[in-house]
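Work through the exercises below with the sequence and the model open side by side. Each task is followed by a solution that goes step by step.

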Amino acid sequence: MQSSTSASSLWRPWTPITQQAASLRIVEARGNSVRDAEGNWYLDGISGVLNASCGHGHPRLTEAAIRQFERLVHYDPMVSSHDPAETLTSRLAELLPGELNETCLLNSGSEATEAAIRIALQYWRNIGAERDRVITFEAAYHGSTFLAQQLSGLPFTVSEWVSPFPIDRIPLPASPREMRTGESADALIALFATALEAGPPAAAVMVEPLLGLGGCVVLPAGFLTRLRHLCDRHGALLILDEVFCGFGRTGRMFGFEHDGITPDIVTLSKGISGGLLPLAAVTVTSPIKETFIQEPVIQGLRYGHTTGGHAVASAVANAVLDVMADEKLVENSAAQGAMLLADLRKLESSPLVTDVRGLGLVIAIETDSPESAAAIAEAAAAAGVMTRHERGVIRIAPPLTITTDETAEIIQKISSAVDVASARPPA
Ligand SMILES: Cc1ncc(COP(=O)(O)O)c(C=O)c1O
């Protein structure tokens, strides 16, 4: 029996049930564009779910998947390793700085968060210390499994249940726009310092290099360097969530490269497999992994999934790294992102737009209200550009393969969309 709220049996995550029936249906995707069931093409201004970093249907990624499908689809990761996962993890060890050499492969960003926190908490047990407090941003998003959701203070992720360990959530001391000033940087670092000094010693500080779902908030330059020093002073592990920022999204291979720091643990997903197949990774330093010999039950990681490090997904991830290098996608992300930001910043003269910010190919247009953001996004879609908006902030994050002509088209269509939304009659 079909439900009364929808003509579909598909229950999509996060979307209000009342809005599911009237929603878009994407039926095809090619290059940097997607087509809906009515035949309308859109420039993909959101890269799928920020994961189609090499565009859609890249032939080298499809070929890598087919070749691996024909050879070995997957095998029990607890019983055997396989070549694609071995290659991928050694390439990650080369790409990541310092002693970040040990990678566990998983399926989703939330699982990577889950694993990172378990590893961090278990690490302290392994070395005989009682530390389980975790410090994060209030406007963080680290995923939607029970544990990952506890690490966010965003209104839409609020949990009805208590966390299994203490969490301190740091609010932003100023508006996202003001976070670019030196005073806000000092105020922000002071909040982390107070949290680290107060209460029992912290096990870990977990942050994103840029607060993605928390409003695309660009953190002040040098913040991660100062946070690294603070963590060192207090002996807390620094976990960087690169699920949103990693693999070139911010114009560097990893977001933390803007500050040149080395975290203790890194989580990766989204762009890692170009959106073709589910894949995620948690990478830790060799000394952290070493302590797991002391783990009381299996002398290893008490965590993993049947399809973690799936052979076909891992083969695709290796091809993603090849494509990113050959097509200079990190450099393209920085160049196209700079063009988008410079031109879209002109929209700050509109009464509807309160801030335009960004880093690499993550641009946020903050508006005066959720209604304005919805009107701009609707006009942009009608003009043929797909965007996403949350709580009054429009996010633009096209594939890293976007061309200069397509970037110019996005700028022109979004600018016209702001004009269309400005001309609408008052509600
Ligand atoms: C920074 C960050 N961490 C974790 C996640 C969760 O990833 P997933 O949706 O694959 O579970 C997301 C998803 O958007 C994210 O942006």
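This is a predicted model: local features need pLDDT of at least 70, side-chain atom pairs count only at pLDDT 80 or more; totals for chains, interfaces and linings use all residues.

Residues are numbered from 1 along each chain as its sequence is written, and side-chain values use heavy atoms, with hydrogens and water left out.

**Exercise 1.** Determine which polar contacts the ligand has and how far the protein covers the ligand.

Solution. Begin with the residues around the ligand, among them Ser-110, Tyr-141, Glu-208, Asp-241 and Lys-270, where near means having a heavy atom within 4 Å. This shell divides into four nonpolar, five polar and three charged residues. Next, look for polar contacts (pairs of N or O atoms within 3.5 Å): a side-chain N or O atom of Ser-110 is 2.5 Å from a ligand oxygen, and one in the side chain of Lys-270 is 3.1 Å from an oxygen atom of the ligand. With Tyr-141, a backbone N or O atom lies 3.4 Å from a ligand nitrogen. Finally, of the 380 Å² of accessible area that the ligand has on its own, the protein covers 85% (Shrake-Rupley method, 1.4 Å probe).

**Exercise 2.** Describe the lining of the second largest pocket.

Solution. A pocket here is an open set of points on a 1 Å grid where a 1.4 Å probe fits, with protein on both sides within 12 Å along at least five of seven lines, and lining residues have an atom within 4 Å of a point. The second largest pocket holds about 890 Å³ of space and has 31 lining residues, with Pro-77, Thr-103, Cys-104, Leu-105 and Leu-301 nearest its centre. Strand β4 gives the largest share of this lining, six residues. By class, the lining comprises 14 nonpolar, 13 polar and four charged residues.

Notes: Grid points are joined across faces, edges and corners, and a volume is the space filled by probe spheres set on the points. Helices (H or I, at least four residues) and strands (E, at least two) are DSSP runs, numbered from the N terminus. Ala, Val, Leu, Ile, Met, Phe, Trp, Tyr, Cys and Pro count as nonpolar, Asp, Glu, Lys and Arg as charged, and the others, Gly among them, as polar. A polar contact is a pair of N or O atoms within 3.5 Å; within protein, one must be able to donate a hydrogen and the other to accept it, and residues adjacent in sequence count only if both atoms are side-chain atoms.
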